[in-house]
Amino acid sequence: MAESATPLVLPDQSQEQKPKETQEPGYLVICWNDPINLMDFVTHVFQTVFGWQRQKAEYHMLQVHNQGKSVLVRESFEKAEAYVHQLQGYTLHATLERA
Amino acid sequence: MELFKADGQNFIFRVGKREKRLLEEVLQLYPMLSGSYGEISSGPDDGKLGDAQKLLEQALAEQHRANRQELESLLREPTWLKEKAGMHQLTLSLSRMEWLLQILNNIRVGCWVALGAPQDTALHLKDLNEKTIRYFVSMEGTAYFQSVLLKALQRAAL
(Lines give C-alpha, C1' and ligand atoms only; values in the text may rest on other atoms or scores of the structure.)
Protein backbone atom coordinates (compact mmCIF):
# COMPACT_ATOMS: atom_id res chain seq x y z
CA MET A 1 0.00 0.00 0.00
CA ALA A 2 1.29 3.45 -0.78
CA GLU A 3 2.57 5.27 2.29
CA SER A 4 0.87 8.19 3.95
CA ALA A 5 1.79 9.56 7.35
CA THR A 6 -1.07 9.42 9.81
CA PRO A 7 -0.72 8.75 13.55
CA LEU A 8 -2.61 5.62 14.41
CA VAL A 9 -3.92 3.96 17.55
CA LEU A 10 -4.94 0.34 17.43
CA PRO A 11 -8.35 -0.49 18.84
CA ASP A 12 -8.83 -2.87 21.73
CA GLN A 13 -8.96 -6.33 20.14
CA SER A 14 -11.78 -7.33 22.49
CA GLN A 15 -13.94 -4.63 20.90
CA GLU A 16 -13.51 -6.12 17.45
CA GLN A 17 -16.72 -7.46 15.98
CA LYS A 18 -17.02 -11.21 16.43
CA PRO A 19 -17.79 -13.27 13.32
CA LYS A 20 -21.51 -13.90 12.96
CA GLU A 21 -22.67 -17.33 14.01
CA THR A 22 -24.56 -18.81 11.12
CA GLN A 23 -25.64 -22.30 10.19
CA GLU A 24 -23.01 -22.49 7.46
CA PRO A 25 -19.41 -21.33 7.84
CA GLY A 26 -20.05 -18.49 5.43
CA TYR A 27 -17.58 -16.53 3.35
CA LEU A 28 -14.74 -14.26 4.33
CA VAL A 29 -14.23 -10.94 2.60
CA ILE A 30 -10.49 -10.39 2.35
CA CYS A 31 -8.60 -7.28 1.29
CA TRP A 32 -5.10 -7.84 -0.08
CA ASN A 33 -2.12 -5.52 -0.01
CA ASP A 34 -0.81 -3.76 -3.09
CA PRO A 35 1.70 -0.94 -3.46
CA ILE A 36 -0.64 1.44 -5.26
CA ASN A 37 -3.74 2.18 -3.18
CA LEU A 38 -3.16 5.07 -0.78
CA MET A 39 -3.44 4.17 2.91
CA ASP A 40 -5.86 7.01 3.61
CA PHE A 41 -7.95 5.95 0.63
CA VAL A 42 -8.20 2.35 1.84
CA THR A 43 -9.23 3.58 5.32
CA HIS A 44 -11.85 5.82 3.74
CA VAL A 45 -13.26 2.98 1.63
CA PHE A 46 -13.53 0.67 4.66
CA GLN A 47 -15.41 3.40 6.54
CA THR A 48 -17.74 4.01 3.60
CA VAL A 49 -18.47 0.39 2.66
CA PHE A 50 -18.75 -1.10 6.16
CA GLY A 51 -19.81 2.01 8.10
CA TRP A 52 -16.88 1.54 10.49
CA GLN A 53 -15.40 4.18 12.76
CA ARG A 54 -12.07 5.53 11.54
CA GLN A 55 -10.12 3.68 14.24
CA LYS A 56 -11.44 0.27 13.16
CA ALA A 57 -10.97 1.07 9.49
CA GLU A 58 -7.36 2.10 10.16
CA TYR A 59 -6.74 -1.09 12.12
CA HIS A 60 -7.77 -3.23 9.14
CA MET A 61 -5.93 -0.98 6.69
CA LEU A 62 -2.73 -1.44 8.71
CA GLN A 63 -3.30 -5.19 8.86
CA VAL A 64 -3.48 -5.20 5.05
CA HIS A 65 -0.35 -3.06 4.84
CA ASN A 66 1.75 -4.96 7.39
CA GLN A 67 0.50 -8.54 7.02
CA GLY A 68 -0.44 -8.58 3.35
CA LYS A 69 -4.14 -9.09 3.91
CA SER A 70 -6.98 -8.55 6.33
CA VAL A 71 -10.18 -10.52 6.83
CA LEU A 72 -12.78 -7.77 6.89
CA VAL A 73 -16.04 -9.62 7.56
CA ARG A 74 -17.62 -13.08 7.51
CA GLU A 75 -20.97 -13.17 5.82
CA SER A 76 -23.35 -15.24 3.71
CA PHE A 77 -22.28 -15.76 0.10
CA GLU A 78 -24.65 -13.08 -1.20
CA LYS A 79 -23.56 -10.43 1.28
CA ALA A 80 -19.87 -11.24 0.87
CA GLU A 81 -20.28 -11.03 -2.90
CA ALA A 82 -21.97 -7.64 -2.59
CA TYR A 83 -19.12 -6.34 -0.41
CA VAL A 84 -16.52 -7.56 -2.91
CA HIS A 85 -18.41 -5.75 -5.68
CA GLN A 86 -18.36 -2.55 -3.65
CA LEU A 87 -14.68 -2.82 -2.73
CA GLN A 88 -13.66 -3.64 -6.30
CA GLY A 89 -15.79 -0.69 -7.46
CA TYR A 90 -13.21 1.38 -5.56
CA THR A 91 -10.45 -0.67 -7.26
CA LEU A 92 -9.29 -2.33 -4.05
CA HIS A 93 -7.92 -5.86 -4.31
CA ALA A 94 -10.68 -7.71 -2.47
CA THR A 95 -11.86 -11.32 -2.75
CA LEU A 96 -14.17 -13.72 -0.99
CA GLU A 97 -13.13 -17.13 0.34
CA ARG A 98 -15.10 -19.90 1.95
CA ALA A 99 -14.61 -19.71 5.73
CA MET B 1 -5.76 22.59 -5.46
CA GLU B 2 -7.02 23.47 -2.01
CA LEU B 3 -10.27 23.41 -0.10
CA PHE B 4 -11.71 26.91 -0.06
CA LYS B 5 -15.05 26.35 1.63
CA ALA B 6 -17.22 23.51 2.92
CA ASP B 7 -20.74 23.89 4.22
CA GLY B 8 -21.57 20.27 5.02
CA GLN B 9 -23.31 19.69 1.69
CA ASN B 10 -20.85 21.09 -0.81
CA PHE B 11 -17.10 21.42 -0.99
CA ILE B 12 -15.57 24.26 -2.96
CA PHE B 13 -11.97 23.88 -4.10
CA ARG B 14 -9.66 26.42 -5.70
CA VAL B 15 -7.77 24.91 -8.59
CA GLY B 16 -4.80 26.46 -10.37
CA LYS B 17 -4.60 26.61 -14.16
CA ARG B 18 -2.00 23.85 -14.46
CA GLU B 19 -3.89 21.71 -11.97
CA LYS B 20 -7.06 22.15 -14.03
CA ARG B 21 -5.24 20.99 -17.14
CA LEU B 22 -3.76 18.01 -15.33
CA LEU B 23 -7.11 17.03 -13.79
CA GLU B 24 -8.90 17.18 -17.13
CA GLU B 25 -6.18 15.23 -18.92
CA VAL B 26 -6.16 12.57 -16.22
CA LEU B 27 -9.95 12.21 -16.21
CA GLN B 28 -9.93 11.59 -19.95
CA LEU B 29 -8.18 8.29 -19.24
CA TYR B 30 -11.19 6.82 -17.43
CA PRO B 31 -11.77 3.89 -17.35
CA MET B 32 -8.21 2.63 -17.27
CA LEU B 33 -9.25 -0.80 -15.97
CA SER B 34 -11.80 -3.05 -17.58
CA GLY B 35 -14.47 -5.10 -15.86
CA SER B 36 -12.31 -8.21 -16.07
CA TYR B 37 -9.57 -6.76 -13.84
CA GLY B 38 -11.03 -8.03 -10.57
CA GLU B 39 -11.03 -11.62 -9.38
CA ILE B 40 -13.96 -12.58 -7.17
CA SER B 41 -11.87 -15.16 -5.32
CA SER B 42 -8.36 -16.55 -5.17
CA GLY B 43 -9.56 -19.73 -3.47
CA PRO B 44 -10.83 -23.00 -4.96
CA ASP B 45 -14.09 -22.84 -6.91
CA ASP B 46 -16.92 -24.36 -4.88
CA GLY B 47 -19.38 -24.20 -7.75
CA LYS B 48 -20.64 -20.71 -7.00
CA LEU B 49 -17.60 -18.77 -8.06
CA GLY B 50 -17.81 -19.13 -11.84
CA ASP B 51 -21.14 -17.34 -12.02
CA ALA B 52 -20.02 -14.86 -9.39
CA GLN B 53 -16.95 -13.97 -11.45
CA LYS B 54 -19.11 -13.29 -14.52
CA LEU B 55 -21.48 -11.21 -12.44
CA LEU B 56 -18.61 -9.17 -11.00
CA GLU B 57 -17.19 -8.48 -14.46
CA GLN B 58 -20.60 -7.42 -15.77
CA ALA B 59 -21.23 -5.19 -12.74
CA LEU B 60 -17.86 -3.48 -13.05
CA ALA B 61 -18.24 -3.02 -16.81
CA GLU B 62 -21.67 -1.47 -16.30
CA GLN B 63 -20.34 0.77 -13.52
CA HIS B 64 -17.53 1.96 -15.79
CA ARG B 65 -19.96 2.72 -18.63
CA ALA B 66 -22.28 4.68 -16.34
CA ASN B 67 -19.37 6.54 -14.74
CA ARG B 68 -17.93 7.44 -18.13
CA GLN B 69 -21.27 8.93 -19.19
CA GLU B 70 -21.57 10.87 -15.96
CA LEU B 71 -18.00 12.08 -16.32
CA GLU B 72 -18.60 13.35 -19.84
CA SER B 73 -21.69 15.26 -18.76
CA LEU B 74 -19.83 16.67 -15.73
CA LEU B 75 -17.02 17.97 -17.93
CA ARG B 76 -19.62 19.72 -20.13
CA GLU B 77 -21.37 21.46 -17.24
CA PRO B 78 -20.89 25.24 -17.39
CA THR B 79 -20.05 25.31 -13.68
CA TRP B 80 -17.23 22.76 -14.08
CA LEU B 81 -14.01 24.46 -12.98
CA LYS B 82 -15.50 27.88 -13.51
CA GLU B 83 -12.89 30.64 -13.64
CA LYS B 84 -13.03 33.19 -10.88
CA ALA B 85 -10.39 35.79 -10.07
CA GLY B 86 -7.62 34.01 -11.94
CA MET B 87 -8.36 30.66 -10.30
CA HIS B 88 -10.77 27.88 -11.14
CA GLN B 89 -13.47 26.82 -8.76
CA LEU B 90 -14.54 23.21 -8.34
CA THR B 91 -17.78 22.63 -6.45
CA LEU B 92 -18.53 19.05 -5.42
CA SER B 93 -21.33 17.57 -3.35
CA LEU B 94 -20.47 14.84 -0.86
CA SER B 95 -21.73 12.13 -3.22
CA ARG B 96 -19.77 13.62 -6.13
CA MET B 97 -16.62 13.60 -3.97
CA GLU B 98 -17.15 9.91 -3.28
CA TRP B 99 -17.76 9.25 -6.96
CA LEU B 100 -14.71 11.25 -8.05
CA LEU B 101 -12.51 9.32 -5.62
CA GLN B 102 -13.60 6.07 -7.32
CA ILE B 103 -12.92 7.51 -10.76
CA LEU B 104 -9.47 8.76 -9.76
CA ASN B 105 -8.52 5.46 -8.16
CA ASN B 106 -9.50 3.48 -11.24
CA ILE B 107 -7.19 5.73 -13.24
CA ARG B 108 -4.39 5.51 -10.66
CA VAL B 109 -4.47 1.72 -10.38
CA GLY B 110 -4.93 1.40 -14.16
CA CYS B 111 -1.85 3.55 -14.81
CA TRP B 112 0.12 1.44 -12.35
CA VAL B 113 -0.97 -1.73 -14.20
CA ALA B 114 -0.04 -0.09 -17.52
CA LEU B 115 3.43 0.59 -16.08
CA GLY B 116 3.84 -3.13 -15.35
CA ALA B 117 2.49 -3.05 -11.77
CA PRO B 118 5.90 -2.26 -10.22
CA GLN B 119 6.32 -3.09 -6.52
CA ASP B 120 8.28 0.13 -6.10
CA THR B 121 6.10 2.95 -7.41
CA ALA B 122 8.92 5.48 -7.07
CA LEU B 123 10.01 4.94 -10.64
CA HIS B 124 13.05 6.66 -12.09
CA LEU B 125 12.81 8.92 -15.11
CA LYS B 126 15.34 6.75 -16.95
CA ASP B 127 12.88 3.85 -16.78
CA LEU B 128 10.19 5.81 -18.58
CA ASN B 129 9.61 6.49 -22.25
CA GLU B 130 7.29 8.73 -24.26
CA LYS B 131 4.39 6.34 -23.82
CA THR B 132 4.84 5.39 -20.18
CA ILE B 133 5.59 8.87 -18.85
CA ARG B 134 1.92 9.78 -19.38
CA TYR B 135 0.89 6.91 -17.13
CA PHE B 136 3.46 7.85 -14.52
CA VAL B 137 2.35 11.50 -14.43
CA SER B 138 -1.30 10.45 -14.28
CA MET B 139 -0.58 7.94 -11.49
CA GLU B 140 1.09 10.65 -9.41
CA GLY B 141 -1.48 13.28 -10.39
CA THR B 142 -4.43 11.17 -9.29
CA ALA B 143 -2.73 10.54 -5.92
CA TYR B 144 -2.42 14.30 -5.46
CA PHE B 145 -6.08 14.96 -6.23
CA GLN B 146 -7.20 11.99 -4.12
CA SER B 147 -5.20 13.29 -1.14
CA VAL B 148 -6.80 16.74 -1.38
CA LEU B 149 -10.30 15.22 -1.53
CA LEU B 150 -9.60 12.82 1.35
CA LYS B 151 -8.22 15.62 3.55
CA ALA B 152 -11.34 17.68 2.86
CA LEU B 153 -13.56 14.75 3.84
CA GLN B 154 -11.56 14.16 7.02
CA ARG B 155 -11.86 17.84 7.93
CA ALA B 156 -15.60 17.73 7.37
CA ALA B 157 -15.90 14.66 9.61
CA LEU B 158 -14.21 16.40 12.59
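**A buried loop residue and its surroundings**

Modeller: Leu81(B) is buried, because 20 other C-beta atoms lie within 10 Å of its own; a residue is buried at 20 or more such atoms, exposed at 12 or fewer and partly exposed in between, with C-beta atoms placed from the backbone. The model is predicted, so local features need pLDDT of at least 70 and side-chain atom pairs count only at pLDDT 80 or more, while totals for chains, interfaces and linings use all residues. Residues are numbered from 1 along each chain as its sequence is written, and chains are lettered from A and ligands numbered from 1 in the order in which they are written.

Leu81(B) belongs to the loop between H2 and strand S3 (82-84) of chain B. Helices (H or I, at least four residues) and strands (E, at least two) are DSSP runs, numbered from the N terminus. The phi of Leu81(B) is near 45°, which is a positive value in a residue other than glycine. Most residues other than glycine have a negative phi, and most peptide bonds are trans.

Ala85(B) also has a positive phi without being glycine, near 50°. Ala85(B) sits in the loop between S3 and strand S4 (87-93) of chain B. Pro31(B) is found in the loop between helix H1 (17-27) and H2 of chain B.

Now the chain around these loops. Chain B has four helices and four strands, and from the N terminus on they run β-β-α-α-β-β-α-α. Its C-alpha trace spans about 60 × 40 × 35 Å along the principal axes. Of the 158 residues in chain B, 27% are buried. Among contacts in chain B with a separation of 6 or more, 67% join residues 24 or more positions apart; two residues are in contact if their C-beta atoms, placed from the backbone, lie within 7 Å.

Where does H2(B) cross a helix of chain A? The axes of H2(B) (residues 49-76) and H3(A) (residues 77-89) come within 10 Å and cross at roughly 40°. Axes are lines fitted to C-alpha atoms, for helices over the stretch in contact, and angles run from 0 to 180 degrees between N-to-C directions. H3(A) and H2(B) are therefore oblique to each other: angles under 35 degrees count as roughly parallel, over 145 as roughly antiparallel, 65 to 115 as roughly perpendicular and the rest as oblique. The crossing is right-handed, which is the name used if the near helix is turned clockwise from the far one by less than a right angle, anticlockwise being left-handed.

From H3(A), the residues in this contact are Glu81(A), Val84(A), His85(A), Gln88(A) and Gly89(A). From H2(B), they are Ala52(B), Leu56(B), Ala59(B), Leu60(B) and Gln63(B). Together the residues of the contact divide into five nonpolar, four polar and one charged.

Chain A also has a helix pair of its own. The axes of H1(A) (residues 39-50) and H2(A) come within 8 Å and cross at roughly 130°, which makes H1(A) oblique to H2(A). H1(A) passes H2(A) in a right-handed crossing.

Technical notes: Ala, Val, Leu, Ile, Met, Phe, Trp, Tyr, Cys and Pro count as nonpolar, Asp, Glu, Lys and Arg as charged, and the others, Gly among them, as polar.
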